[in-house]
Amino acid sequence: MRFLAASKRFSGRTHPGRRGGPNEDVIGWDEASNFWFVADGMGGHASGDVASRVVKETLLGEALTLPLVDAIRKAHETVLATAKTNTAYDNMGSTVVATRIAERQAEIAWVGDSRAYLWRGGSLSALTRDHSYLEVLRVQENLSEEQLRGHPNRNLVTRTLGIGTPEPSTTTLPLKRRDWLLLCSDGLNDELEDREIAEVLQTHAQPEKATEALIDAALAKGGRDNVSAVVVEYDGPDAVEVPGGISQKLKPMLPIIGGMAAATLVAVLWWWFYGR
């Protein structure tokens with residue numbers, strides 16, 4: 001699936017993998033609001049496919065016009081409410097990673113271990129940090145990606161929509177023309193190391209080809225889980241980046257700076273016409 005617009009191209013694909021059973025991943029978007037997401041129903045919980053479907057319906061329905069974090073909170077509330085309607089849905093949950101592009105920036109919010117990456121100028125960088133037991137270990141014990149990859153608890157998440165009170169994490173990224181945003185479920189990055197994802201992106205110049213190649217590569221490595229990928233190419237003007245610390249310090253002073261500039265202009269004009 002590929003769509004073209006004045007400032008973006010994007011493509012999304014999801015596959016059930018080779019494990020059998022339903023595909024608990026969902027992908028979705030609303031082109032008009034520059035909004036994309038991936039959700040992964042938790043395989044360790046009951047009715048993961050129901051949970052991720054509820055997330056999708058909520059994000060594209062009543063929550064579509066909400067701010068991104070509020071939309072994800074609404075999805076969590078809806079999963080909780082749905083779980084109460086059927087005992088078969090007890091403890092069902094879902095991850096989510098979502099992005100919305102506006103004003104030359106991408107806002108990204110997530111819960112769980114579905115990820116967002118930036119592909120810029122031939123370099124891949126992670127934009128999210130997993131809400132997972134392994135991420136806690138990585139930070140506390142400084143473990144390598146190779147050590148984490150073989151860990152028996154690699155799929156244990158610490159925040160899940162539909163369970164507890166998960167708070168979405170967020171980040172904002174100033175965009176540059178030709179940036180790619182990659183959203184994926186853990187079925188992709190569990191099979192492919194970041195360098196392998198980068199190799200696939202390096203050899204495919206179109207989002208549609210890239211998503212197909214990413215899914216195929218994950219399947220070739222085993223495809224032990226549902227796997228999903230959404231690639232969004234930003235083709236608008238570059239954002240003007242201002243160092244965050246400077247921006248925050250100057251913000252309260254903007255009215256003063258503006259007033260000083262106006263006073264200086266008046267003084268110069270008075271001197272020009274009357275004081276020379």
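Reader: In which helix is Gln-147 found?

Author: The structure shown here is a predicted model. In this model, Gln-147 is found in helix H4.

Reader: Is Gln-147 buried, exposed or partly exposed?

Author: The relative accessible area of Gln-147 is 47%. Buried means under 20% and exposed means over 50%, with partly exposed in between. Gln-147 is therefore partly exposed.

Reader: How far apart in space are Gln-147 and Leu-134, C-alpha to C-alpha?

Author: Along the sequence, Gln-147 and Leu-134 are 13 residues apart. In space, the separation from C-alpha to C-alpha is 9.9 Å.

Reader: What volume does the largest pocket have?

Author: The lining of the largest pocket consists of 23 residues. Arg-115, Asp-130, Glu-135, Glu-145 and Leu-148 lie nearest its centre. Strand S8 (123–126), helix H3 (133–141), helix H4 (145–149) and helix H5 (186–189) each supply at least two residues of this lining. The volume of the largest pocket is about 420 Å³.

Reader: How is the aromatic pair of Phe-10 and Trp-29 classed?

Author: A pair of aromatic rings is described by the distance of the centres and the angle of the planes. For Phe-10 and Trp-29, the centres are 5.6 Å apart and the planes are at 65°. Planes over 60 degrees apart count as edge-to-face. The pair of Phe-10 and Trp-29 is accordingly classed as edge-to-face.

Reader: Which strands hold Phe-10 and Trp-29?

Author: Both Phe-10 and Trp-29 are buried. The pair ties together parts that are 19 residues apart in sequence, because Phe-10 lies in strand S2 (residues 8–15) and Trp-29 in strand S3 (residues 25–30). The strands are S2 and S3.

Reader: Which residues form one aromatic cluster?

Author: The rings of Phe-10 and Trp-36 have centres 5.2 Å apart and planes at 75°, so this pair is edge-to-face. The pair links distant parts of the chain, with Phe-10 in strand S2 and Trp-36 in strand S4, 26 residues apart. Phe-10 and Trp-36 are both buried. The aromatic cluster is formed by Phe-10, Trp-29 and Trp-36.

Reader: Against which strands and which helix do the buried residues of H2 pack?

Author: Helix H2 (residues 68–83) has 16 residues and reaches 23 Å from its first C-alpha to its last, close to the expected 22 Å. Its buried residues include Leu-68, Ile-72, Ala-75 and Val-79. An α-helix has 3.6 residues a turn, so residues three or four places apart point the same way. The buried residues of H2 pack against strands S4, S5, S6 and S9 and helix H1.

Notes:
Residues numbered from 1 in each chain as written. Predicted model: local features only at pLDDT ≥ 70, side-chain atom pairs only at ≥ 80, totals over all residues. Heavy atoms only, no water. Helix = DSSP H or I, 4+ residues; strand = E, 2+ residues; numbered from the N terminus. Expected span 1.5 Å × (residues − 1). Buried < 20%, exposed > 50% of the residue type's maximum accessible area, 1.4 Å probe, protein only. Contact = heavy atoms within 4.5 Å. Phe/Tyr/Trp six-rings, centres within 6.5 Å; stacked < 30°, edge-to-face > 60°. 1 Å grid on protein atoms, 1.4 Å probe; cavity = no way out; pocket = protein on both sides within 12 Å on 5 of 7 lines; lining within 4 Å. Points joined across faces, edges and corners; volume = space filled by probe spheres on them.
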